[in-house]
Amino acid sequence: MTETLTFIVNGTERTADVAPQRRLSRVLREDLGLTGTKVGCDAGDCGACTVLLDGEQACSCLIPAAQAAGQDIVTVEGLAEVDGTHSALQRAFARHGAAQCGICTPGMLMAAHDLLRRDPTPGRRAVEDALGGVLCRCTGYLKIVDAVLDAAANVPDTDLPDPGCAVGARVARLDGTGKLDGRELYADDTTPADALWLRVVRSPHALADFVLGDIDAWARATPGVVAVLTARDVPGHNSFGIYPTLKDQPVFAERFARYRGEAVAAVVVADRAVFEAVDLSGFPIDWTPREAVIGIEAALQVEATRLHDASPGNVLIRGRVASGDVDAALAEATAEFGAVVQAEMETGFVEHSYIEPEAGWARRVGDRVELRVTTQTPYMDRDEVAHVLGIPQTAVRVTPSAVGGGFGGKLDQSVQLPLSVAAWRLGRPVATLYHRPESFAATTKRHPARMTASLGVMPQGAIAAFRFHGDFDTGAYASWGPTVAGRVPVHAPGPYRVGAVLATSAAVYTDGPPAGAFRGFGVPQAAIIGERLMDDAAAAIGMDPLEFRLLNALRAGDRTATGQVIEESVGLAACIEALKPAWARYGEQVAAHNLKHGRTRLGAGVGCMWYGCGNTSMTNPSTMRLALKPDGRLTLFNGAVDIGQGSYTIMAQIAADAVGAPLERVDQVWGDTDLTPDAGKTSASRQTFVSGRASELAGLDLRARILRLANAGEDADLTFAQGHIVVRDAAGTRDLDLSVLPVDDDGHLLVGEGTFDPPTAPLDGDGQGIPYATYAFAAQIALVEVDPALGTVRVRHMTAAHDVGRAINPTLVEGQIHGGIAQGLGLALMEEYVPGRTENLHDYLIPTVGDMPDVDCILIEDREPLGPFGAKGIGEPALVPTAPAILAGIRQAVGVCPDRVPVLPHRLRAAIRAASRPEAAE
Amino acid sequence: MTRYLRPRDLDDALGLLSDGGWTVLAGGTDHYPARAIRDPEEDVLDITALPDLRGIERTADGLRIGAAATWRAVIDADLPGACDGLKAAAREIGGMQIQNRGTVGGNLCNASPAADGVPVLLSLDAEVEIASARGRRRLPLNRFVLGNRRTALEPDELLLAIHLPDSALDGAGRFLKLGARRYLVISIVMVAGTMRLAADGTIAAARLAVGACTAAAIRLTALETAVAGLAPREAADALADSHLADLTPIADVRGDALYRQEAARTLVRRCLDDLAEAT
C-alpha cells in the first residue's frame, strides 16, 4: 500500500508515492534521489543516516515516512549557504581534516548542525554528547570535535600552497568537497534504475552439508524472483583467493559450507523493492550440520577433522625467522643474573566495521564486464573476476566507487564475484548491498591469535634473546593468511636490537569466518605479547619501561633478525626521546591520583612498534602517469585508491612538487582499471611510500620532458599559465606556447611516467633476507584510568610519536594516527566478533566519540631516501602500538591485566579477583 | 495488502486494536532495528498522533508521563530532583537521535531485560495506565514488565501513560549505568535509586532497583527496608549479599553471571553513597 506523501526537504516541498512505513532514509535516497544521507546499519546503531526532523537530529532509518510527512527535514544537501558555498561548519570540517572516508560525515554534520543551532559556541562535552550517536571508523573523532568547536570562528579558507610547497603542507583533501555536501558517490549511490538486484543465500551453520531443493519451483512461486544462481552457473572457475596457488574459496559453496555466512546461492530479483522485502527463509535447501572445528586449539588437535585436503594438521602455512642460538642466549641471561620473562596471550576475531557496507553493481557490455564497487584493490578485483568468468583480464573493467572505509576488509572479494556472474549470465545490470549482519557474517576478520613468547634480558638491559610462536586462526579459507604468517615472525621481536631470535607462526584453518587483511596483518596481535614482555623485562631488571626501550631501540646501521642492515630512516629513538616529557607528566598524574584512593586508579603504559612498508619480500610495483595538456593543466592518472586515508591528495601533492607545478593545476583521474596504470592495492602501508614514489618519478619524468622541450637545465624554474609554460634558468627565459605543440591520441602533449617497486630480497628457510625496503617506527604512551571494582577502563590521554620519514600532509598523517588509536583502543578494550552473537553494531562495540582519549601527535621525520621526498607509510603503524600501551597502563593501574583481549570489564574484573585471592598474593 | 494507520483519536485506535493483528509503532527505535534484514509485510498502527499519549504533566497526585513521550521530552521537562535518575537514564539511552524519537512507553513495552527505563521507573514507584475498548486499568510497573520481551499487555491493549506518585517525587534520584563503552551501549548492569529523608535527617524511604540482572528489572525491597531509619551515610554499609539474593544474572557476550552480580553490588553501594551525597 502506498500513499502520496509530501515532505518539506531542505525547504522544498517534495512528494513521493511510498508505503507509509517506509524508512525515511529510503524515501530520501531512493525516492527523492537525495543520496547524501548514508545508511550503515538500518538499526539506529551507527547514526550515518542522521537528518534533522522538525529541528532535531534523528536516525532517518528509524522513521516511518508517515511520521516525517509534512515535517521539516534537513539533510546534508541542505547545509550549504543559499549561494551554494559551504557553510562555516562544512568548511571547518574541510580545514580540520574531519572527513576521511566521508561515509559518516553527513551524519556527523547533521548532528553537529543540530547542536550549533541551539548553541553556536558549545563546549567539548556538549559536542561529544551531540555526536555520541554517530559512529566513525576512520578519524578517531578528534578532528571532528575540533571542527565543530571551531565552526563558529568561521575562518576563511586558505589558498592552495605555492609551487614547490605542496609537500609538507596541510592541504585540505582534494576529494573532500563532495564528502561534505552529500555529492560524493559511494557504491550504493550509483546503482542504475533498471538494475536487477541480488541477494546472497548464506549458510546459517559453521559446517554443514547441504542439498539444494527445487530451486526453479521456488523461484517461480516467489514474486519478483528473476533467477537463482549457484555453483553450476559460474562460467569460469568457481574459486578465488588472494594467492594464485591458493584459490580455495568458492564463489558459491558446493555440497557443504565451511563457515556461518558462506555464500551458497544468489537470488536475483526484479528491482530494489523486491530486494528489500524478499524472504529467503523458504529457500529450498536442506542443511545437515556437522560438528564444526571452532578455534585454533580444536583445529590443532591430533584427531581434528582435516578441513582442507592439502593441509594436514589444518596448518595452511608456517612462517619462521631464526637468528642466533636462542636457547643458549636465554640460558646465558639466566646464568648472568639477568632474567627470562614469558607470557601467553590470546586475541579474538575483529571486524573492520567500516560504516559503508559492501555494495556495488556490475553490467555486461558485449564480451566485457564492468563493475562499480567499493574496493581497496581494483586491479586484484579485475583479475579475480576474469578468473571466475573465464575471460581475459582486459575484458574486465573495475571503477571503484568512493570507498566508505576499508581497513583491509575491502581487499577481499565480496559483492564482486556474485555480481559479475549474475551480470554475465543475465546480460543486465545487477546491483547488491549487504545488510549489516550479512557484512559481519560474510566478510573477513582480523586473525585471532594464540601466542606464546619468552624474552631474555641481561642485567644491564641488553635483550639477549626473544622466542615467539603465534598460531593465527585463518578461518575457513586462506585469504590473506599466508601474508599474516609471513609478516608476523619478521615483526615479532619488535623494533629492538635482540641477540638471538626464533619467531615462528602458523596460519590455521578452522570453521570460523575467513580471516583476511586487517590493518597490520597480525603485527598488532604480536605486538601485544612482545611489548608486554618488554615491560616484564624492564621490571625484572628495575628499569623504567621507556628507558629500557630507548636502550634497546634499533638504530641506523643495525642488523635485524632477518639479517637486514637498515641504514636509513630509523627514527624510533627519536620517537622515544620525544615522549619523555609526556611520560614524566603521566607519571606525576598517576602518583597524585592514586594517592587519593578514590574509585579509580591511573596507570601509564608505553608501546613501540616497527612496520615494514609494502609486501613482504614480494614485488609490489606501482605506476603513476602525469600528463600535460595544451591548456597548461596536468592530469594525474592515480590508481592508488583513496579509502579515506588521503591518497588522492597525497599523490597530487607529490606529483605537483616533483614537476614544479602549482597543486591547483593538477587534475586527476582516479582508480579506473581501464584508464589508470596499476598502482597496486591500498594495503600494507604502501601507497604513500610506493605509489608516492611512483608519483614523484612520474613528476620528475614529465619535468625532464618539459625541460628537454625548452632545452633548459635541470634547475630551471617552471611557471604554468593558460596554454603556456615559462621556463627560466641561468641561460634565460623561454615561453613554451603549448597551443602549437602536437598532442597524442589522448589529447596530451607530454606524458611522464613513474614506476617504483621497493627493493626487497626473498627470505630463506630461516627467514633471512630483506623483507622490506623501509620500516616505519613509532612509540605511543597512554594514560589509563581503571575502575577496579567494575573492571572498566577509560583511556584519558595518549601521546603518539611516529617516524613517518616525511609528513607529506601533516593533517592527514594525524588523522591516520587518531584513527589508528581508535581502532587500537577497540582491539584492546571492546571489539570481539563472535559468529551468531555479535553480528551488528550494538552487540559488536567500536569506540564512540566518548571513548577517545585526548591525543598529542608528535611527527618525527627521519627521511627515507627511497620514499617520495623522504616519506614512508603511516596507515597500519598508527594502530600497532596502541593496544600494548593501553594494556600496560592497565597493569600499572591495578597490577594485573588479562591474557586475552579485548579486556572487557568482566575479564579485567576476573583478573583482579584472581590476583586478590590469598594464595595468589604469596 | 498491508495497512498503516495513524489515528488521531484514542477510541479509534482502541477499536482497531480490538480487531487484532496490529503491530504498534511509536518512536520506531526498537521496531525498525528488528527489521534490519528485510521489510516484512505487516499491519502497523502508528500511535504517535494520539494526543492522549503525549506530554509530561503534574497531576493531582503525582506526575503523568504520556506513553509516547520521548526521552528528549523527559530531559527537557521541569521535573523534581527525585527524577534526576530518570533524566540521567534518558541521556544514556542510545544517542541523541534515539532520545529524540524513542518513547518511554516503547521502552517498557519492548521489555528488554536491559531496558534503561525500567529500573529507574521502578525506583519512582511507577504505575502504568492501560487502555482497551474494554476499559482502562492500572498496574504497578513490576506487574507490567514480566520478563524478557514479556509484558502484561493484552493484544487489544495500549499503554497510555506512566504515573509517578507524589510520594516518590520527594527527595533525590540517581541512575548508574555500566556499559563497555561511552554512548550507544546496551547496559551490562544498571542501578537506579531514590531517597527521601525524614525530618530528623534519617532515611524515610529509599527505593532501589537493578536492571539486566533478572529477566525483568527488580526492586531490592529487603535492602530498602534495611536502610530505612539509617543516617544516609550509613546506608551503603548496610548492604549485604542477602539483599541481592533475587538477582539471577545470566552470562552473555557482555559479561558473566558472577561479574554482573558483583557489579550490581558495587553499583548499588555507589548509588546509596551518591544518594546520601545528594539528599
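**Chatting through a two-chain model**

Modeller: Let's begin with A:S353, which is buried, because 23 other C-beta atoms lie within 10 Å and 20 or more is the cut-off. Keep in mind that this is a predicted model.

Biologist: Okay, where is A:S353 found?

Modeller: A:S353 is in the loop that links β13 (339-346) to β14 (359-365) of chain A. Its phi is positive, about 55 degrees, although A:S353 is not a glycine.

Biologist: And B:R149, what is its phi like?

Modeller: B:R149 is not a glycine, yet phi is positive there too, at about 60 degrees. This residue lies in the loop between β8 (145-147) and β9 (150-151) of chain B.

Biologist: How many other C-beta atoms are within 10 Å of B:R149?

Modeller: There are 13, and B:R149 is partly exposed.

Biologist: Switching topic: which residues does the cis peptide bond join?

Modeller: A:V901 and A:P902, with omega about 0 degrees. A:P902 is in the loop between α22 (882-894) and α23 of chain A.

Biologist: Now the chains. How many residues of chain A are in contact with chain B?

Modeller: 51 residues of chain A, and they meet 41 residues of chain B. Among the elements giving two or more residues to chain A's side are α9 (272-277), α14 (436-442) and α23 (905-916) of chain A.

Biologist: Which element gives the largest share of that side?

Modeller: β4(A), with four residues. By class, the side of chain A that touches chain B has 26 nonpolar, 14 polar and eleven charged residues.

Biologist: What about helices α4 and α5 of chain A, how do their axes cross?

Modeller: The axes of α4 (residues 105-118) and α5 (residues 124-131) of chain A come within 9 Å and cross at roughly 130 degrees. That angle is why α4(A) counts as oblique to α5(A). The crossing is right-handed.

Biologist: Who makes the contact?

Modeller: On α4(A), the residues include A:M108, A:A111 and A:L115, and on α5(A) they include A:V127 and A:L131. Eight residues of this contact are nonpolar, none is polar and one is charged.

Biologist: Last one: what's the strand order in the open sheet?

Modeller: The four strands run β26-β25-β24-β30 (chain A), with mixed pairing. At the edges are β26 (666-670) and β30 (750-756) of chain A. The twist averages 20 degrees from one strand to the next.

Biologist: Which helix packs on the sheet?

Modeller: Helix α20 (residues 687-710) of chain A, which touches β24 and β30 of chain A. The direction of α20 makes about 145 degrees with that of β30(A).

How values were computed
Residues numbered from 1 in each chain as written. Chains lettered and ligands numbered in written order. Predicted model: local features only at pLDDT ≥ 70, side-chain atom pairs only at ≥ 80, totals over all residues. Pairing = 2+ DSSP bridges. Axes fitted to C-alpha atoms, helices over the stretch in contact; angles between N-to-C directions. Contact = placed C-beta atoms within 7 Å. Parallel < 35°, antiparallel > 145°, perpendicular 65-115°, else oblique. Left-handed = near helix turned anticlockwise from the far one by under 90°. Nonpolar A, V, L, I, M, F, W, Y, C, P; charged D, E, K, R; others polar. Buried ≥ 20, exposed ≤ 12 C-beta atoms within 10 Å, placed from the backbone.
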